[in-house]
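Q: Can you walk me through this fold? I'd like to start with the overall picture and then get to specific pieces.

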Amino acid sequence: MGIWQRLLLFGGVSLRAGGGATAPLGGSRAMVCGRQLSGAGSETLKQRRTQIMSRGLPKQKPIEGVKQVIVVASGKGGVGKSTTAVQGHWFARCGCVWTFSSKDDESERKSGIITDMSMGFLVEESEPVVWRGLMVMSAIEKLLRQVDWGQLDYLVVDMPPGTGDVQLSVSQNIPITGAVIVSTPQDIALMDAHKGAEMFRRVHVPVLGLVQNMSVFQCPKCKHKTHIFGADGARKLAQTLGLEVLGDIPLHLNIREASDTGQPIVFSQPESDEAKAYLRIAVEVVRRLPSPSE
């Protein structure tokens, strides 16, 4: 590779190839230097760029008493992410954080079965949370660090939809063991799920796998199965991402009714097929995690 000459001007930077001299432009003073770029030099530049990009980022601090943090995300609202997160008190000694209010928060806190915290507990039921970015970040910090969680093997964080400030802030502030992506088989939901998975990869959070929610509806009378939102969309996305599907959750009345009464189906109807579907997902999640004692 030839010698690259870098011309540093007051007010601009330009590059030109070759070995000839470069004259000052427009009467400005200039400094001319030559650099032979090699493989080692290119790697040094990459490392330097990484160091510069990391400046100003918050240092990750563990949450006191919590061994592992699992985030449940979707990229899109309305796909059953919060319901999946609360059923995911699959684990022994597990807590849950809802960063924003949802119907699932209100119903699940009535159960008194699990340790949880939500923005919905801090405002009136009909009061919207109309906050700017800094206020949201401050609230999340309080939800995570100013709650007496006790001793937990796992803390499940129900992330809000999207790939914005909240997701980035949580990922940068606390060490996350892994992320679970929830989606329906519908194309428009899968597009956002794809973005959500890629976001976690960019911030170096391991994606444990996908959950395909509302995968099929079975008529309670004739037992005919209908794929209302499409069939196997999450499996196709998982193949694209090089991930695995952790499990399928059917679209079933029992799940909705149990949540509305504040009794998660994994507790109220543990022998039902729907509860067993969640528990199988729990097994797959735990299988991909390091031991909490490590």
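Q: Among contacts between residues at least 6 apart in sequence, what share join residues at least 24 apart?
A: In the protein chain that share is 69%. Keep in mind that this is a predicted model.

Q: How many helices and strands are there?
A: The protein chain has 10 helices and 12 strands.

Q: And what percentage of the residues is buried?
A: Of the 294 residues in the protein chain, 40% are buried.

Q: Let's do strands. Is strand 8 enclosed or open?
A: Strand 8 is largely enclosed by the rest of the structure, because 6 of its 6 residues are buried. The strand covers residues 178-183.

Q: Which residues point which way from strand 8?
A: G178, V180 and V182 point one way, while A179, I181 and S183 point the other way. Residues on both sides are buried.

Q: What does strand 8 pair with?
A: Strand 9, residues 207-213, pairs with strand 8 in the parallel sense, over 5 bridges. Strand 4, residues 66-73, also pairs with strand 8 in the parallel sense, over 4 bridges.

Q: Which residues stand opposite each other there?
A: Toward strand 9, V180 stands opposite G209, and V182 stands opposite V211.

Q: What comes after that? Where is M214?
A: M214 is in the loop between strand 9 and strand 10, the latter being residues 217-218.

Q: What is the phi of M214?
A: Phi of M214 is positive, about 55°, although the residue is not a glycine. As background, most residues other than glycine have a negative phi.

Q: Is M214 buried or exposed?
A: M214 is buried: its relative accessible area is 17%, and the cut-off for buried is under 20%.

Q: Which other residue besides glycine has a positive phi?
A: D232 is one of them, with phi near 65°. D232 lies in the loop between strand 11 (225-226) and helix 7 (233-241). With a relative accessible area of 38%, D232 is partly exposed.

Q: Switching to helices. Which residues of helix 5 are buried?
A: Helix 5 runs over residues 165-173, and V166, Q167, S169, V170, S171 and N173 are buried in it.

Q: What covers them?
A: The cover includes helix 4 (133-145) and helix 6 (187-202).

Q: How do the axes of helix 4 and helix 5 cross?
A: Their axes come within 10 Å and cross at roughly 45°. That angle makes helix 4 oblique to helix 5.

Q: Is that crossing left-handed or right-handed?
A: The crossing of helix 4 and helix 5 is right-handed.

Q: Which residues make the contact?
A: Helix 4 contributes V136, M137, I140, E141 and R145. From helix 5 come D165, V166, S169, V170 and N173.

Q: What is the contact like by class?
A: Between helix 4 and helix 5 there are 5 nonpolar, 2 polar and 3 charged residues in the contact.

Q: Which of the helix 5 contact residues are also buried?
A: V166, S169, V170 and N173 are in the contact with helix 4, and they are among the buried residues of helix 5.

Key. Residues are numbered from 1 along each chain as its sequence is written. This is a predicted model: local features need pLDDT of at least 70, side-chain atom pairs count only at pLDDT 80 or more; totals for chains, interfaces and linings use all residues. Side-chain values use heavy atoms; hydrogens and water are left out. Buried means under 20% relative accessible area, exposed over 50%, partly exposed in between (1.4 Å probe, protein chains only). Helices (H or I, at least four residues) and strands (E, at least two) are DSSP runs, numbered from the N terminus. Contact means heavy atoms within 4.5 Å. Axes are lines fitted to C-alpha atoms, for helices over the stretch in contact, and angles run from 0 to 180 degrees between N-to-C directions. Angles under 35 degrees count as roughly parallel, over 145 as roughly antiparallel, 65 to 115 as roughly perpendicular and the rest as oblique. A crossing is left-handed if the near helix is turned anticlockwise from the far one by less than a right angle, and right-handed if clockwise. Ala, Val, Leu, Ile, Met, Phe, Trp, Tyr, Cys and Pro count as nonpolar, Asp, Glu, Lys and Arg as charged, and the others, Gly among them, as polar. Two strands pair if DSSP finds at least two bridges between them.
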